[in-house]
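Colleague: Could you take me through this two-chain model, one point at a time?

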Amino acid sequence: MLRLKNVDVHYGKVHAVRRASLHVRPGEVVALIGGNGAGKTTLLTTISGLVRPSGGEVLFMDAPITRSAPERIVRAGLSHVPEGRHVFKPMSVEDNLLLGSYSRYSMQTRPRVQEDLEDVFALFPVLGERRSQAAGTLSGGEQQMLAIGRALMSRPAMLLLDEPSMGLAPQVVRDIFKLIVRLKAERGLTVLLVEQNARAALKIADRGYVLETGRIVLQGPADELLENRDVQRAYLGRDLDREE
Amino acid sequence: MYFEPEYECMSRDELAQLQLERLQSTLFRLSRNVPFYRRKFADLGFDPEEFRTLEDLKKLPFTTKADLRENYPYGMFAVPLREVVRLHSSSGTTGKAVVCGYTKNDVKRWAKLAARVLTAGGVTRDDVVQIAFNYGLFTGGFGFHYGAELLGASVIPSSSGNSRRQIQIMQDYKTTALVCTPSYALYLAGAMEDVGVNPNALDLKWGLFGAECWSEAMRGDIQERLKITATDNYGLTEIMGPGVAAECLERGGLHVNEDHFLAEVIDPHTGQPVAPGEKGELVLTTLTKEAFPMLRFRTGDLTRLIPGTCPCGRTFLRIDRILGRSDDMFTLRGVNVFPAQVEAALLTVPGIEPCYQIVLEREGALDTATVLVEASTDEYFDEIKKHQQLVLTLAKTLESIVGVSFAVKLVEKSSLYAGDACKAKRVVDNRKF
């Protein structure tokens, strides 16, 4: 569904992503893990068209999107949930969600947008309860749900999720990850998930890629990465030296 | 039937992407963790980060068996030893064998690939699989064992040898699939005929044979005499063991598990790729091995790529059955033997000239090897006791060093080779496959 070939990204002279190749098959949840500053967010923003790569190729559903504008990429079915949620705080929950359908809003689609809105409220009942409340008054977990709900409003085939667990309480993190599993199982949604919480991400993912200083250094089925000692040492917080 | 259809039948396009991703991360780990490759890359001025398409593979260095020997035992490992959960060794090499390590993930992946081989050969979870490969340092036994268990079949680890017992097990346990070398299958067929066991009365359906060269004629013979469907499979310790390539029931060549191994066929003399479909030496690169990754390993096995697609639905390319060796190695009862090892063994025994010839014969289904060697003086022919003692010592030395037994025949000095000694053929292979 999504395919990156030898993607390079430069910020000025900084080579932020080096020759990254990855792919996501339809219906897969793929985790992109790595430490701070490894280039995970850069890679996601490159896919969604917010950052231009200096080299390489990005294909979405077999069509090149390397040079496409972000709004065209959204229309093609690829929706980005940014790091730090970026909900519009003074606006109501409902208006935030409606903004998510902006890419396809017209008189004809209005009734369907209304359906989608109800659909998101069914998925997140708490958002329904607070539909007219200002988004800024929601808790962190609720804001994350709102950000995901907003992305779903464009009826994407694939979701790019950037650090959905950041700054959330463990119980809320569990709820968010359960939701990702549900979206995959019930709606066949394809997900590329960037996470610092590597263990949680790999547990729900089918496959994973490990990014280190802009390079993909490891890739494979999620269960193999969970078993990989390098991954355990660097990202899963296991102190193997102390264990032995 | 497939074991992992999402890979075995994936589109060539998707496969190329997967191979590129896997090779890129393998190269990165090799340059970081294996000093041998780091040096080679530096010598060649090759930057693994510049590897952008599978076409670049041609720029990479070969790895030879000699490289593995020089880095014996653990020099080629890409992980520290404490991450290695299993060690295997290639069969029958001198002092410095090749030691191959597996991480937990490597062992799991190996089982999956062996399960693919078994599935391609007709085996399902309802089968009773008798594995008559040696269980030990040799990869054949354990490789198939884990694969068959993963598949959910009932596994009989009968190991090699003791044919009467193998046949008894086959009858009593109702074995439906036999895994061994093709020559051992023929030997078992002969033994059944000797003891009056009718293969039609057995439950045998499938035979998966590998670890040595065989032919279509031999397949016909085995299928006819054991009343089974026989498939060929290919693997080698340096790369993993069984699970590298295997025939499907179409029996039109062996599908290489290309999502884990890249196969090239080169001209053994020039190192350049041969034209598609031409015969050459098989070169393999591992894409997913953690402990013991190999870059462009020269297998020494001669084969060719089979053009076209297979009606079975697998998209993986096929290689022809192994057509011989690019070096002078031969396989004797499942053990790989290099004449140089035989020479090294002979040289440790005083009383002989460094002149020898190895004659390989096939008696019934089993291979025999006779080493003809020149005695340095005539006294060994004058005194029968001395003669016998020397022959015995030589035979014992050969068996302990090479790992397989040879018959030894003393010949008079200068009788083996006329004129300039020792320029004649070291190995005479009279076996008909």
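What follows is a set of questions and answers on the model shown above.

Modeller: This is a predicted model, in which local features need pLDDT of at least 70 and side-chain atom pairs count only at pLDDT 80 or more, whereas totals for chains, interfaces and linings use all residues. Residues are numbered from 1 along each chain as its sequence is written, and chains are lettered from A and ligands numbered from 1 in the order in which they are written.

Colleague: What radius of gyration does chain A have, and what would a compact globule have?

Modeller: The radius of gyration is taken over C-alpha atoms, and the globule rule is 2.2 Å times the number of residues to the power 0.38. For 244 residues a compact globule would come near 18 Å, and the value for chain A agrees with this. Along the principal axes, the C-alpha trace of chain A spans about 60 × 40 × 35 Å. The radius of gyration of chain A is 18 Å.

Colleague: Why does chain B count as being as compact as a globular protein of its length?

Modeller: Chain B has 12 helices and 20 strands, where helices (H or I, at least four residues) and strands (E, at least two) are DSSP runs numbered from the N terminus. Its C-alpha atoms fill a box of roughly 70 × 60 × 45 Å along the principal axes. Chain B counts as compact because the globule rule gives 22 Å for 433 residues, and the radius of gyration of chain B is close to that, at 23 Å.

Colleague: Which residues have the most contacts inside the largest nonpolar core?

Modeller: A nonpolar core is a set of buried Ala, Val, Leu, Ile, Met, Phe, Trp, Tyr and Cys residues joined through C-beta atoms within 7 Å; a residue is buried if 20 or more other C-beta atoms lie within 10 Å of its own, exposed if 12 or fewer, and partly exposed in between, with C-beta atoms placed from the backbone. The largest such core has 93 residues, and its largest share, 8 residues, comes from helix α5 (residues 104-120) of chain B. A second, separate core of 64 residues includes Val24(A), Ile33(A), Ala147(A) and Leu152(A). In the largest core, the residues with the most contacts are Val129(B), Val179(B), Ala185(B) and Leu284(B).

Colleague: Why are α5(B) and α6(B) described as roughly perpendicular?

Modeller: Axes are lines fitted to C-alpha atoms, for helices over the stretch in contact, and angles run from 0 to 180 degrees between N-to-C directions; angles under 35 degrees count as roughly parallel, over 145 as roughly antiparallel, 65 to 115 as roughly perpendicular and the rest as oblique. The contact of α5(B) with α6(B) has 12 nonpolar, 3 polar and 1 charged residues, where Ala, Val, Leu, Ile, Met, Phe, Trp, Tyr, Cys and Pro count as nonpolar, Asp, Glu, Lys and Arg as charged, and the others, Gly among them, as polar. The two helices are therefore roughly perpendicular to each other, as their axes come within 7 Å and cross at roughly 75°.

Colleague: Which element gives the most to the side of chain A that touches chain B?

Modeller: Two residues are in contact if their C-beta atoms, placed from the backbone, lie within 7 Å, and 17 residues of chain A are in contact with 13 residues of chain B. On the chain A side, β1 (2-11), β2 (14-24), β10 (215-221) and α9 (222-227) each supply at least two residues, and the residues of that side divide into 4 nonpolar, 6 polar and 7 charged. With 6 residues, the element that gives the most is β10(A).

Colleague: Which residue of chain B is in contact with Gly220(A)?

Modeller: Gly220(A) lies in strand β10 of chain A and counts as buried, with 21 C-beta neighbours inside 10 Å. Leaving aside neighbours within four places in sequence, Gly220(A) is in contact with Arg207(A), Gly208(A) and Leu225(A), and, in chain B, with Thr288(B).

Colleague: Is Arg19(A) buried or exposed?

Modeller: Arg19(A) is found in strand β2 of chain A and has a positive phi of about 45° although it is not a glycine. With 22 other C-beta atoms within 10 Å, Arg19(A) is buried.

Colleague: What is the omega of the peptide bond from Tyr72(B) to Pro73(B)?

Modeller: Pro73(B) is found in the loop between α4 (65-70) and β1 (84-89) of chain B. The peptide bond that joins Tyr72(B) to Pro73(B) is cis, with omega near -5°.
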